Amino acid sequence: MNVAITDIGSNTIRMNVYRVRNDKFRLLFSKKATAGIVSYVHDQRLSKEGIQVLCSTLENFSKVLEQLQIKHSFTFATASLRNIENTKEVVRMVEKKIGRKIHVVDGRQEALLSFHGASLQLTEQDGIFADIGGGSSEVVSFEQRTIYSACSMPIGSLNLFNAHVKDILPTVSEIEAMRRHIGRELDEHVEAQEALLFVAGGTARAVEKLLIMLQMIDQKGARITAQALNELLTYLCSEKGTHALLRNKPDRIHTLIPGLLILMGIMQHCHCSYVIVARYGIREGYLMKIMKNLPIE
């Protein structure tokens, strides 16, 4: 059986198609659109233009599923739709347009689903898991592979950029303003502790890709130190770094530095000596719940 999982994020909308057999799955292919939904939010409401962009993107994904005759399709939204005042209106309009249900996942659900997906590949029994998205960042603390705290912070790479950056790349003062903002959110939501950090999300994958390109780490899954992230930040703020980002991750030219700052903030707050990028996250966690035929709680 082939199953499609579509994740409506604040910055990107991604559809993963999996082959499911005997309670196991493997990714067949992934399709992504950088829609920047949160950029269409004005006065806490998603605009008509934003709704049109969302519908158009999902309709394009649906055409792919129709061509491949994939009947099992599930769609969920995270901070992109839960953090607006007209959530119900938007969901109703989009569902009518695309002909399928949209599940709006709350912050705690997002944290739990992300962790359950990542736990498929976690090798450590204790630590912290973070999922840095466009509109929110989830942080989960676990012991003996069991969650003991989970939270969602209302900051992500895209809404942090929108709140603090005037042009495409941040100035020194804008970086410091973002650091202070991140620090306040961490102080409010996350208990300071010394732990190993695993991280998921587009920012984390982009950071890892750039570090490999710069030969600062050898391969995917390698340990990434705070020093390496500091050096990467300095590089990205240079003209040479900007060109490298445009060549390798042009869709993240404006969001990578804010997302990187969130990652660095979590590392510092939790006294993490290094971070490991997780291969799986919320989409795999959502799929696991579907496979088990369990309600998503």
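**Salt bridges and the sheet**

User: What does Asp 251 count as, going by relative accessibility?
Analyst: Asp 251 counts as partly exposed, because its relative accessibility is 22%; please keep in mind that this is a predicted model.

User: And which residue does Asp 251 form a salt bridge with?
Analyst: The partner is Lys 32, and the closest N and O atoms are 2.7 Å apart. Asp 251 sits in the loop between helix 9 (239-248) and helix 10 (256-269) while Lys 32 belongs to strand 3, so the pair ties together parts 219 residues apart in sequence. Lys 32, at 32% relative accessibility, counts as partly exposed.

User: How many salt bridges does the structure hold?
Analyst: There are seven salt bridges, including one between Arg 279 and Glu 208, whose closest N and O atoms are 2.9 Å apart. That pair links distant parts of the chain, with Arg 279 in the loop between strand 13 (274-277) and helix 11 (282-291) and Glu 208 in helix 7.

User: Is Glu 208 buried or exposed?
Analyst: Glu 208 counts as buried, because its relative accessibility is 2%.

User: Which residues do salt bridges with shared partners join into one network?
Analyst: Arg 82, Glu 110 and Glu 138 are joined in that way.

User: Switching to the open sheet, what is its strand order?
Analyst: The five strands are ordered 3-2-1-6-7, with mixed pairing, and the edge strands, each pairing on one side only, are strand 3 (24-33) and strand 7 (102-104).

User: How many bridges join strand 1 to strand 6?
Analyst: Six bridges join these two strands, which run parallel, and Ile 5 stands opposite Phe 74 in strand 6.

Methods. Residues numbered from 1 in each chain as written. Predicted model: local features only at pLDDT ≥ 70, side-chain atom pairs only at ≥ 80, totals over all residues. Heavy atoms only, no water. Pairing = 2+ DSSP bridges. Helix = DSSP H or I, 4+ residues; strand = E, 2+ residues; numbered from the N terminus. Salt bridge = Lys/Arg side-chain N within 4 Å of Asp/Glu carboxyl O. Buried < 20%, exposed > 50% of the residue type's maximum accessible area, 1.4 Å probe, protein only.
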